[in-house]
Each structure stands twice: as C-alpha cells, then as structure tokens.
Amino acid sequence: MPDAAKPKRLTVRLALMFLFLVTVTIPIGAAILGPPTVSISPSGGTYTSASRSVTIYWCDDVSLDAGSRQITILRPDGSTDNVTSSFNYQSWSIFDCDVGARSTGTVTLKDGLNKLTAKIRDNTGAQGSKTANYTYDDPTPPPPDYDVEVYNGGSLNKQATTTGWSTTFSVKNTSTNSPGSSTYNLSISACTSPAINCSVSPSSLTINEGSTKTATVTYDVDFLPSPPTGKIEVKATKSGMSSVWDKGRRWLTATAYPDPYTTGFSPPAGTYYDPILPVEIQWCHHTLALDTLNMSEKIDRPDGSTDTVTGDFSWNFNPAIDCDPTAGKRSGTITLEEGTNTLRYFAKDTPNGGNTTVLVDYVYVD
C-alpha cells in the first residue's frame with residue numbers, strides 16, 4: 001500500500017537482562033476493546049407453553065472466559081433460578097466476531113414474567129450481559145364456579161426506568177353456598193415488561209360472603225420495550241381449594257426512553273506498571289441526546305478516598321458510532337495510586353435525565 005495509507009507504528013527497543021535487544025512493534029491508535037457482547041434467541045415474547053428452547057450467542061474481540069458464564073431466570077415471584085447447567089457451550093462462527101461461541105438449552109417458564117439473563121467475561125475481566133423477557137400466560141381457564149372474583153383495573157401510564165409505583169386490585173367473595181368468610185391467597189401471576197419487580201400485599205385476604213376487599217401491588221418500570229405495553233396480573237386462590245381461583249389484570253404503558261450506554265472503553269481493566277494512564281470511553285444513546293455538559297469521572301482510590309477528575313477529561317463527538325442522535329467519547333489521562341483504582345464514568349441524557357455509571361478497575365503495581 002502507499003506509505004500515506006499505512007498505519008502508524010511505534011518501534012521500541014527493550015534491553016533485556018541478558019544484554020540483547022528485542023524489537024517490539026506496537027500499532028498506534030489500536031481499536032478500543034469493549035466487553036463481550038451477548039445476544040439471545042428468541043429475544044422475548046409471550047407464550048402459552050411453559051417449555052422454551054433458547055440459544056445464546058457469545059462474542060468478543062479477543063477472548064471469552066467460558067467458565068465465567070452465568071445464565072439465570074428472575075421468576076414472577078421474585079426468586080432467581082440459576083440455569084447455567086441446562087445450557088451447553090461450544091465455539092461458534094459469528095459474523096463480524098473475532099471469538100464466538102454458542103449455548104443452547106431448554107428452560108421451563110413459570111406463570112408470569114420470566115427474565116432470562118446471560119452473562120460472560122473476557123479474560124481481562126470485562127463483563128457483557130443480555131436479558132430476554134419471556135412471559136408465560138397459563139392457558140388454563142378459570143373454573144366454572146369462581147367463588148371469587150378479581151376485578152380488572154384501568155390502564156396505567158408511567159415513565160420508563162422509574163421505581164416505587166403502586167396500584168390496587170379489588171377481590172370479592174362471590175360464594176353463594178359457603179356462608180361466613182373465606183380466605184384467598186394472593187400472588188402475582190403476570191408481570192410483563194415494562195412492569196418489573198411486582199409484589200402484592202397482603203399475601204392473603206379473609207373476606208365475608210358477598211363482600212369486597214382490596215390488595216396493593218407495588219412495581220417498578222423497566223426500559224421502554226417494543227411494544228411499550230405489558231400487564232400486571234393478580235391471582236386469588238381459595239385457601240385449601242386450588243381449583244377455585246380468578247385473575248384480574250391492569251395494562252401498563254411506559255412513556256420514556258432507555259438510558260445512555262457505552263460501546264467500549266480503553267484500556268481494558270487490568271494490572272498496569274505505569275501510573276500515568278491515558279483512558280477513554282465511548283458513549284451512545286439511541287433515542288435522546290446525551291447531556292455532554294454534565295458528564296463526570298471519579299476514581300475510588302485504594303485507601304478508600306474518592307478523587308473527582310472530571311476536569312482532566314474532554315468530550316469529542318463521533319458520528320461514526322452507530323447510534324443517534326448523540327455519540328462520542330470522553331478521553332483524558334489519569335494518575336494511578338498503588339493498588340486498585342476504580343474509575344467511575346458517568347453520563348446522562350436530556351431532557352429525561354436517565355443516567356448510567358460504568359466502573360473500570362485499574363490495578364497499579366509500583
């Protein structure tokens with residue numbers, strides 16, 4: 001190629017203890033190495049069959065630590081199951097991926113929202129993850145003689161990535177052949193994205209025949225999915241009679257946008273022997289603008305103190321990054337202290353103020 005088109009290289013001669021020279025050629029402006037990327041198929045959906053085959057694709061630009069992978073499912077009742085052993089792991093050729101692998105397996109869904117998360121690290125310790133939302137809608141119809149009724153509520157509209165919301169459900173004892181009162185056990189039967197972390201209180205209600213009581217459901221709102229509407233569903237089951245139950249639901253629509261995210265940072269987390277370290281991170285947002293005036297960087301030092309180093313960083317727009325409407329990088333030079341230095345990059349969007357913090361550990365050995 002013409003000299004002008006050749007990448008610049010820096011040649012360094014290192015004197016070794018055995019009194020001979022080794023020439024090392026180091027490319028200048030090497031590509032930023034980001035964490036592994038993970039994709040899941042299917043990426044989400046609502047199903048009437050509890051058994052679901054899932055394929056996970058792992059990718060990295062340098063290496064994958066197969067032993068670090070973890071696959072878990074957050075269940076509708078808030079419990080978490082580790083299902084890593086249900087998946088195999090094999091090298092796999094993936095387009096535009098230097099090191100690729102694939103895991104396949106079958107999981108059993110529980111009635112409601114099941115959030116499957118797959119995580120893996122590369123050999124520098126950087127972690128990538130992906131979550132897929134699978135909703136199992138139990139097709140079993142209610143029994144002919146309800147004996148209980150849970151009333152559907154109106155639609156809810158909340159801002160995405162917010163927490164601490166609550167709503168109520170009315171439960172009525174409709175029995176005409178069981179004089180006195182009956183106790184009904186309450187549970188979350190569906191909590192479909194964007195609704196997450198749903199819980200119902202109290203866990204049971206004792207209701208006189210023909211009377212109605214209310215239960216409260218608390219929930220958070222996740223990132224904006226597509227479509228942006230999910231459901232919150234409560235099931236009331238008569239105590240001691242599992243065949244007597246009813247469900248009521250409310251629809252939730254999210255009305256905001258996801259937070260900023262990074263497409264990579266440099267250098268990778270690890271051990272360094274020079275305390276002066278040039279660093280940079282690439283920030284991106286798919287739907288909103290990044291608030292470039294309020295980005296910040298801090299370092300948690302080995303002695304427990306924290307230094308604000310925002311003034312040592314600058315922002316540069318980079319339209320080559322594949323996201324809109326704002327993309328660019330923050331770059332600067334930091335000074336490490338002996339031990340572990342945790343660099344905390346912070347970015348937020350405008351006008352919603354959604355924010356993201358990325359932590360990178362740099363260990364300096366004097």
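Analyst: A disulfide is taken here as a pair of cysteine sulfur atoms within 2.5 Å. Please keep in mind that this is a predicted model.

User: How many disulfides does the structure hold?

Analyst: There are two disulfides. In one of them the sulfur atoms of cysteine 191 and cysteine 198 are 2.1 Å apart, and the torsion about that S-S bond is about 70°, so this disulfide is right-handed.

User: And cysteine 191, buried or exposed?

Analyst: Cysteine 191 counts as buried, with 3% relative accessibility, and cysteine 198 is also counted as buried, at 9%.

User: Which residue does cysteine 59 join?

Analyst: Cysteine 59 is joined to cysteine 97, with an S to S distance of 2.1 Å, and this link is right-handed too, with 130° about the S-S bond. Because cysteine 59 belongs to strand β5 while cysteine 97 sits in the loop between β8 and β9, the pair ties together parts that are 38 residues apart in sequence.

User: Switching to sheets, what order do the strands around β5 take?

Analyst: That open sheet has four strands in the order β3-β5-β9-β8, with antiparallel pairing. Strands β3 and β8 are at the edges with a single partner strand each, so one side of each has no neighbour in the sheet.

User: What joins β3 to β5?

Analyst: Five bridges join these antiparallel strands, and valine 38 stands opposite tryptophan 58 in β5.

User: Which strands are joined by nine bridges?

Analyst: Those are β14 and β18, which run antiparallel, and threonine 167 has valine 217 in β18 as its bridge partner.

Definitions and conventions. Residues are numbered from 1 along each chain as its sequence is written. This is a predicted model: local features need pLDDT of at least 70, side-chain atom pairs count only at pLDDT 80 or more; totals for chains, interfaces and linings use all residues. Side-chain values use heavy atoms; hydrogens and water are left out. Two strands pair if DSSP finds at least two bridges between them. Helices (H or I, at least four residues) and strands (E, at least two) are DSSP runs, numbered from the N terminus. Buried means under 20% relative accessible area, exposed over 50%, partly exposed in between (1.4 Å probe, protein chains only).
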